[in-house]
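Take a look at the aromatic rings in this structure. How do they pair up, and where do charges sit over them?

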Amino acid sequence: MMLNHFPLRTTSGGSQRASSIGPGPQGPGLAPPQSGFTSRARSMLGSDAGLSTRSGPSSRRPPIRLNSQPQASMHSSSNHERISVPDTPQVSLPGPLTRPSSPSESSDLDEPISVGIRRRRDSSNDIIQLTPRRTKRLKTHAQKLASDRGIPLQKLLAFIENGDLFIMLLELRAGQIERDEGTEANALQELEKLISSKDFESALKSRLTACMLSPNLTAYVTDTQQHVMEFIQGHLELFKISEGLFDDNELRTQLGKLVTRLLATIRGQIKTALTTSIIKRLSIMDALKPLIHSGMEVDSSHWTRFAFLRRCLRIFLIGVRDHEKISLQDLFSPYLIASLYPDLQQHIEITLEVDLVQLAQELQDGTAHASGSGNQNGNPSAHQSTNDTAHEDASQAGATVHLGDESVDVFANAGADADADADADGIPDEYVDPGCLTSGFGLDGSEPRWNKQKFWNYIDTMLEQIRESAREVSNGSSAAYEDAYRKAMVEILQLDLQEFPGRRKFITLSKVAQPMWQETIQKKLLW
């Protein structure tokens with residue numbers, strides 16, 4: 001072995017072991033090792049031979065031969081030293097060999113700690129970057145996609161050329177946002193076209209007409225547009241409106257303006273139908289027909305509300321003295337006396353030269369003409385028209401109103417029955433007692449509250465008065481309130497049927513089956 005040809009030195013405390021081994025090999029062909037080489041050899045071979053290379057005692061001992069082995073020759077040269085060992089490969093050591101300096105003698109302590117340390121290569125950049133090989137495969141696949149889907153190949157290739165996956169993902173997201181924005185813009189344009197179309201306006205008007213004819217409508221102008229808009233938003237399927245319309249402020253405003261305009265148009269049509277029915281003395285059923293559109297069903301609740309509107313219109317026209325279409329004598333009837341404020345009664349007495357007290361008594365006794373007021377000179381009705389012939393025929397034939405299982409003859413002691421029903425039910429008359437506040441028309445010289453443009457505001461006020469009267473007798477009971485309100489409105493219908501019977505002998509006030517959408521309006525459009 002190679003160790004047998006090198007002199008060994010003892011370690012500290014190992015002098016006894018070294019001396020027992022004996023002297024090292026000596027001979028004429030073996031030169032003593034140089035100090036540099038010996039130090040380098042010890043440092044190189046010490047760990048392999050299990051020997052210590054630390055310096056021993058100051059006295060140097062001769063090399064020790066462990067056993068007889070062929071001698072190895074070592075040749076020295078100026079650049080390096082070569083060791084020759086039989087049966088082993090030649091090992092060349094760079095020279096001259098020097099002892100490594102200790103850390104304390106090094107001047108490299110101030111250098112960064114990373115100097116000389118080989119770091120592991122970070123491959124994260126390689127993951128997000130497309131290699132040429134991957135790029136080639138993607139381009140091949142892009143050609144197939146472009147051919148199969150009929151899209152421009154150059155756009156796909158430009159996308160691949162980005163090379164960075166994060167940039168490619170960002171471009172995908174940007175494209176998605178752009179498409180969404182475009183889709184939303186197109187949807188808004190379609191909704192704008194829809195709102196502006198005649199078909200949409202016609203369908204919307206049909207639904208809004210049902211809203212304005214609802215017998216349970218709270219008011220006709222007071223906060224009506226706002227509550228109708230809220231009702232539309234809560235029942236989009238009923239009005240066939242997309243939800244996105246209310247998400248855009250401009251479209252919502254445009255729809256609000258359309259609803260406002262249509263509501264005003266419908267109110268005008270209702271007022272026109274009421275005016276025509278007074279002029280032609282139509283029954284309440286015939287008066288309502290022009291406003292009913294296809295698919296809508298009406299029953300006694302609609303007739304009741306329409307009779308209330310016609311009664312209010314007559315009083316309103318008398319109060320504002322609007323006789324452009326209907327004269328005062330055609331508007332007035334003894335059936336209105338109990339609903340007139342004192343200033344209105346005085347206005348009628350002076351203008352028509354009639355005694356309202358006498359007419360009220362005749363109506364109660366059943367001797368007054370159903371459509372006229374008469375006068376002090378015993379002349380016929382002050383406003384009897386050519387339609388009275390048809391009215392007299394209907395009156396002589398008689399008419400009966402069926403309220404469910406009950407039947408009421410509306411021409412038998414009409415005035416007495418009306419008063420008796422109201423008093424028996426404990427419902428205070430909605431009519432005004434003499435001495436109460438004025439009508440608000442300024443007939444007594446006071447500041448007028450109502451003018452020709454405020455008919456529907458007047459209607460809302462009259463509705464609230466009836467509700468307030470019902471609340472006073474209900475004592476907080478919801479059922480009592482509904483019953484009192486219903487009876488007050490039915491009483492108005494009975495008086496209307498007595499005055500405008502038409503040619504109907506029997507009128508059935510029964511409920512009919514209504515479409516679901518119409519029932520939803522009548523039950524939910526409340527405030």
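What follows is a short walk through the ring contacts.

This is a predicted model, in which local features need pLDDT of at least 70, side-chain atom pairs count only at pLDDT 80 or more, and totals for chains, interfaces and linings use all residues. Residues are numbered from 1 along each chain as its sequence is written, and side-chain values use heavy atoms, with hydrogens and water left out.

Start with the count. A search of the whole structure finds nine aromatic pairs. Rings of Phe, Tyr and Trp (its six-membered ring) pair if their centres lie within 6.5 Å; planes under 30 degrees apart are stacked, over 60 edge-to-face, and the rest tilted.

One of the pairs joins Phe316 and Phe441. It is edge-to-face, with 5.9 Å centre to centre and 65 degrees between the planes. Phe316 sits in helix α13 (residues 300-319), while Phe441 is in the loop between α18 (414-424) and α19 (455-474). The two are 125 residues apart. Helices here are DSSP runs (H or I, at least four residues), numbered from the N terminus.

Phe316 also pairs with Tyr458. This pair is tilted: 5.6 Å centre to centre, 45 degrees between the planes. Tyr458 lies in helix α19 and Phe316 in α13, so the pair ties together parts 142 residues apart in sequence.

Tyr458 counts as buried because its relative accessibility is 3%.

Now widen the view. Ring pairs link Tyr220, Phe316, Phe441, Trp450, Phe455, Trp456 and Tyr458 into a cluster.

Arg207 lies over the face of Trp517, at 4.1 Å from the ring centre. Arg310 lies over the face of Phe500, at 4.1 Å from the ring centre. A charge sits over a ring if NZ of Lys or CZ of Arg is within 6 Å of the ring centre and within 35 degrees of the ring normal.

Methods. Buried < 20%, exposed > 50% of the residue type's maximum accessible area, 1.4 Å probe, protein only.
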